[in-house]
Amino acid sequence: MHITIMADSETLECITEHERILQEIESTDTACVGPTLRSIYDDQPNAHKRFMEKLDARIRNHDREIEKMCNFHHQGFVDAITELLKVRADAEKLMGQVTDTNRRLQDAGREVTAQTEEVIRCRVQQRNMATTVEKLQLCIPGTNAASASVRKILYYAALKTMEQLEKVYIPRVSQYRFCQIMAENLPRLREEIKDISMSDLKDFLESIRKHSDKVGETAMRQAQQHRTFNSAVAKQASMGHYIKPVYSLNERTHAHTPNGLLMDDDTGDDEADEEGDRETFENYYRKQRKKQARLVLQPQANMGFGFPVNRLFDLLFEVRDQYNETLLKKWALVFRWIFELDNYSPIPVETEEEYKLVVSRFPFHDAEIEKQDFPKKLPMSQSVPQIYTQVKEFIYASLKFSESLHRSSTEIDDMLRKSTNLLLTRTLSSCLQNLIKKPHIGLTELVQIIINTTHLEQACRYLEEFITNITNVSPETVHTTRLYGLSTFKDARHAAEGEIYTKLNQKIDEFIQLADYEWGMAESDGRASGYLMDLINFLRSTFQVFTHLPGKVAQTACMSACKHLSTSLMQMLLDTELKQISMGAIQQFNLDVIQCELFASSEPVPGFQGDTLQLAFIDLRQLLDLFMVWDWSTYLADYGQPTSKYLRVNPATALALLEKMKDTSKKNNIFSQFRKNDRDKQKLIETVVKQLRSLVNGMSS
């Protein structure tokens, strides 16, 4: 009984819990359903079955309620849909009527707007036309008067009319474009009137010159009358009588041009001042009259005076030579100053404007550089356009003196070309040679100087064209002097190339002086010496700069450097102050030579054929191979044959090096090992030494 009651109580409790869970499921978010359902499985083994039965019952209950609600509202929904379908047709019809009405209203509005705009436009046109007619009527009197004055050759009246137009009529209608056009044309009309007046004045002066004899006769007669009258007046005054003059000859005779322009100082001031060109005409008139007077007084050509002038011209030519010498000294200072300020670097150009500025000063053309994007660099340094500009300035300065010698164009052209040749071959050449020899000019600067002289040499033909344009003497003329100054730049370039080879060898010597071999070392370090690696790195960076050099200069410099390096290393081995060399030192030296050979095979400068550059170290290589392999039998057997493996090894060289290795007093000497291990080998070495000596003696004899 107790068990049954407990079971019933548990069942009741489970049912109550299920009700709570269902309410929680219905009222909470779906994200929290998981933990709730998990609690059902955690309580009792069969609780979930009872929960499922309870859940099915709850679902069926809800379904019945939903079905009741749908049945209750179904008829109302059907009636609403039926009414909506009836209204739909009427709504579509109404929308169509509204659309038609709006379209008709829009069409009517556009028509009214167009008509209104047309009326406004017509009224504006009428008003503008009336205003234009009114304003044109203000200008008609002036334009008619100006036209009539010009047609009647009354230039002064025309100028007055144009002045009235500018000051009175045009300001009233200045807001119109035709008035602006009229105002712009008035200066042109004034210039036309001025030109016509000047032409008439010239004709007038020409007519005066034709009748200069009669004019002079009349002037002299009037002067005589004037003196006679003055004498009579003075005589009457001395006698106490006074005679009133009927006329006065002191009044100036007025000269008029055919167009009515006054040419004296007493009348017409206002008119001439209004026109603004009175002074121009008066000055021209007086100048021409003075020229005519000089022509009258100038003797004929067949008169002269009988004095020789050849010595005067000789003196002028001597002065010209001294003047050119002075110019050459001045430009020598200019050239030195330009070279001092040069940075010996390619000219950087950031924009198109900077590029055009450089090209305008120096004739530079390079299709590849022109295709490059900005910023870019031009190959020459800043001294090149400066030198070119200064040469042109020298030509101008020399021309100023030559023009005053009254020589022909051909002679002046010849003078200019000779002076320019002196400037290039003497002054500029001397400055370049001195520049190349200066201590502060390094390898980079020498490379840039070679590039600069190349571009200056190419620009010489433009200097010839420049002189031709000045003198108008064709360069094809038989007696024309050519500009041979371009040899200046070739000589300077060769000097710079030679200086490059010298300075490069000096740098190699500086590195070799840092060598610190341990000539008695037992074995090598297994790596090349530090000084040699630094030297090779220096040569690599230097030859990268040399790639900009023209022609074979870079290849020649590279070959010269390798030969000098090979010779210096050989001299180091054969130095008379070096008394002993161990095999370990030979091995270390061999490692350094291998690095030199690797550098030569890496093609530091393009253009070498095959193993040309490696052949610079062939003497060292065969000598070191002979000692490293100790192949004396082959050397002695094949000596003198063209196919010898050690053809480049001189017996005297081999003997000198072998003598340095033969000293038996050192501990680590290879021959000490031979003596301990095998005395027969020591005898063999002595034999080799004797044979080498015999070969050396045979060569000397």
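Analyst: Let's start with the words: a helix here is a DSSP run of H or I with at least four residues, a strand is a run of E with at least two, and both are numbered from the N terminus. By that count, the protein chain has 24 helices and 2 strands. This is a predicted model, where local features need pLDDT of at least 70, side-chain atom pairs count only at pLDDT 80 or more, and totals for chains, interfaces and linings use all residues. Residues are numbered from 1 along each chain as its sequence is written, and side-chain values use heavy atoms, with hydrogens and water left out.

User: What makes H4 and H5 roughly antiparallel?

Analyst: The angle does. Helix H4 (residues 155–169) and helix H5 (residues 177–210) pack at about 165°, with axes 11 Å apart. Axes are lines fitted to C-alpha atoms, for helices over the stretch in contact, and angles run from 0 to 180 degrees between N-to-C directions. Over 145 degrees counts as roughly antiparallel (under 35 is roughly parallel, 65 to 115 roughly perpendicular, the rest oblique), so H4 and H5 get that label.

User: Which residues of H4 and H5 meet?

Analyst: Contact means heavy atoms within 4.5 Å. On the H4 side you'll find Tyr155, Ala158, Leu159, Met162, Glu163 and Glu166, and they meet Leu186, Leu189, Arg190, Ile193, Ile196, Ser197 and Asp200 in H5. Sorted by class, that contact has 8 nonpolar, 1 polar and 4 charged residues. (Ala, Val, Leu, Ile, Met, Phe, Trp, Tyr, Cys and Pro are nonpolar; Asp, Glu, Lys and Arg are charged; the others, Gly among them, are polar.)

User: How do you know that the length of H15 agrees with what a helix should span?

Analyst: The expected span is 1.5 Å times one less than the number of residues. Helix H15 (residues 460–471) has 12 residues, so it should span 16 Å, and its end C-alpha atoms are 17 Å apart, which agrees. H18 (residues 553–573) gets the same test: with 21 residues, it reaches 30 Å, close to the 30 Å expected.

User: Why is H18 called largely enclosed?

Analyst: Buried means under 20% relative accessible area, exposed means over 50%, and partly exposed is in between (1.4 Å probe, protein chains only). In H18, 15 of the 21 residues are buried, so the rest of the structure largely encloses it. Across the 701 residues of the protein chain, 33% count as buried.

User: Where is arginine 493, and why is it called buried?

Analyst: Arginine 493 is in helix H16 (residues 486–512). Its relative accessibility is 11%, so it counts as buried. Leaving aside neighbours within four places in sequence, arginine 493 is in contact with Ile450, Thr453, Thr454 and Glu457.
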